[in-house]
Amino acid sequence: MFLKSALYLTLFSCFLTFTYSDPLSYGICQTGCNSVAAACYAAAGYTFGTVTAGLCLSPALVACNSALGACMAACVAAGCSPVP
């Protein structure tokens, strides 16, 4: 009985050292990504969210969109992984 209780206590204490990411951290990460993308668009002379794909695709906008996609992919990893 003592061994079983000690095992449960040990397992429980292991879980106390980890905090898991939640939707709030995922949303904060996405907000940061979108802020950087808006700055990237502004540096290229455009307004973020107003450019359609068919009208004007400058290399700067393609680079901004590629960086935004990579940042959003990193947010998925940050929002779903345990943080020690």
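Visitor: How do you know that a disulfide joins C33 to C71?
Guide: In this predicted model, the sulfur atoms of C33 and C71 are 1.9 Å apart. A disulfide requires the two sulfur atoms to be within 2.5 Å, so the pair qualifies. The link is left-handed, with -80° about the S-S bond. C33 belongs to helix α2 and C71 to helix α3, 38 residues apart.

Visitor: Why is C33 called buried?
Guide: Its relative accessible area is 2%. Buried means under 20%, and therefore C33 is buried.

Visitor: What makes C71 partly exposed?
Guide: C71 has a relative accessible area of 28%.

Visitor: Why is the pair of C29 and C75 called a disulfide?
Guide: Their sulfur atoms lie 2.0 Å apart; the cut-off is within 2.5 Å, so the name applies. Because C29 lies in helix α2 and C75 in helix α3, the pair ties together parts that are 46 residues apart in sequence.

Visitor: Is C75 buried or exposed?
Guide: C75 is buried, because its relative accessible area is 0%, and buried means under 20%.

Visitor: What does the pair of C40 and C64 tie together?
Guide: C40 and C64 form a disulfide, with 1.9 Å between their sulfur atoms. C40 is in helix α2 and C64 in helix α3, so parts 24 residues apart in sequence are tied together.

Visitor: How many disulfides does the structure hold?
Guide: The structure holds three. Counting bonded cysteines along the chain, their pattern is 1-6, 2-5, 3-4.

Notes. Residues numbered from 1 in each chain as written. Predicted model: local features only at pLDDT ≥ 70, side-chain atom pairs only at ≥ 80, totals over all residues. Heavy atoms only, no water. Helix = DSSP H or I, 4+ residues; strand = E, 2+ residues; numbered from the N terminus. Buried < 20%, exposed > 50% of the residue type's maximum accessible area, 1.4 Å probe, protein only.
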